Amino acid sequence: MEVFIQSIEGGIYPMTIDSGTTILELKNKIKKDSRIASQGLLTFLGLDLTEEDGLTVEECVRLGNNTFQVTQFKGVGDEARGGAQVKKIRSEMDIKVILGDRRNFQCVKILPNKDMEFSPTKSLGVVYHQEGEENGKRTYSMEKFQMPGKGKIEVRRDEDDRADVYFIPDGDETEQKLVGKVKTYDESRNSQESRLMRILGSKAFGNMTRLDGVIGDFVFGGLDAANKEG
């Protein structure tokens with residue numbers, strides 16, 4: 001089957017895949033595609049896709065669209081419009097970070113030894129324990145770090161195989177080791193829970209009128225909200 005990938009820069013590229021391809025497999029294929037310069041968050045119909053959702057590409061396409069977008073990682077409700085903020089992270093280890101606040105957050109997987117970008121944020125959490133595997137019911141224990149200025153984050157492995165977090169200021173080589181506060185975030189209280197999973201889990205495929213209504217309410221409702229905010 002053929003799908004289309006829209007890059008952060010706006011280019012749209014066709015990609016041929018097997019019908020049983022998972023979201024994780026699609027992400028890996030995108031990372032290896034030399035046409036797509038910048039990596040980020042994979043979205044579909046404006047909804048975030050994560051490998052934890054366990055979806056296949058075919059399940060997404062059945063909703064009536066075959067275009068996936070690569071977008072910048074978002075700071076969600078914790079976005080910074082000035083002052084202290086970071087938008088780039090690099091880690092020596094495979095980790096997950098939390099962007100946003102307790103009721104409006106995203107969990108993002110950070111690949112080792114690779115610069116990754118997201119929208120400017122004043123804080124981020126590094127997950128050290130996850131409880132549960134079911135989407136929308138997971139709980140994350142983390143160290144949450146406040147950003148002391150503008151710059152980037154580096155996560156390094158210490159001698160006990162734990163994550164140390166360093167802040168690298170813009171225009172200054174002097175780095176600062178950050179001390180975080182222990183926090184616990186619960187997906188069941190998170191407004192960013194995957195709405196795509198709720199659509200797919202509604203068993204609405206047998207009633208396309210109902211399904212079209214759900215998608216229409218989300219897409220056009222989201223556009224109305226964006227227009228009001230703008």
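I take buried as under 20% relative accessible area, exposed as over 50%, and partly exposed as in between, using a 1.4 Å probe and protein chains only.

I am working on a predicted model, where local features need pLDDT of at least 70, side-chain atom pairs count only at pLDDT 80 or more, and totals for chains, interfaces and linings use all residues. Residues are numbered from 1 along each chain as its sequence is written, and side-chain values use heavy atoms, with hydrogens and water left out.

**Salt bridges.** I searched for a side-chain nitrogen of Lys or Arg within 4 Å of a carboxyl oxygen of Asp or Glu. The search returned 12 salt bridges.

**K88 and E117.** I looked up this pair and found its closest N and O atoms 3.8 Å apart. K88 lies in strand β6 (residues 85-91) and E117 in strand β9 (residues 116-121), so the bridge joins distant parts of the chain, 29 residues apart. Strands here are DSSP runs of E, at least two residues, numbered from the N terminus. K88 is partly exposed at 29% relative accessible area, and E117 is also partly exposed, at 34%.

**E134 and K137.** I noted a salt bridge between these side chains, with an N to O distance of 3.6 Å. K137 is exposed, its relative accessibility being 55%.

**D160 and R162.** I recorded 3.2 Å between the closest N and O atoms of this salt bridge. D160 is partly exposed at 47% relative accessibility, while R162 is exposed at 52%.

**Network.** I also found E154, R156 and E175 joined into one network by salt bridges that share partners.

Notes. Helix = DSSP H or I, 4+ residues; strand = E, 2+ residues; numbered from the N terminus.
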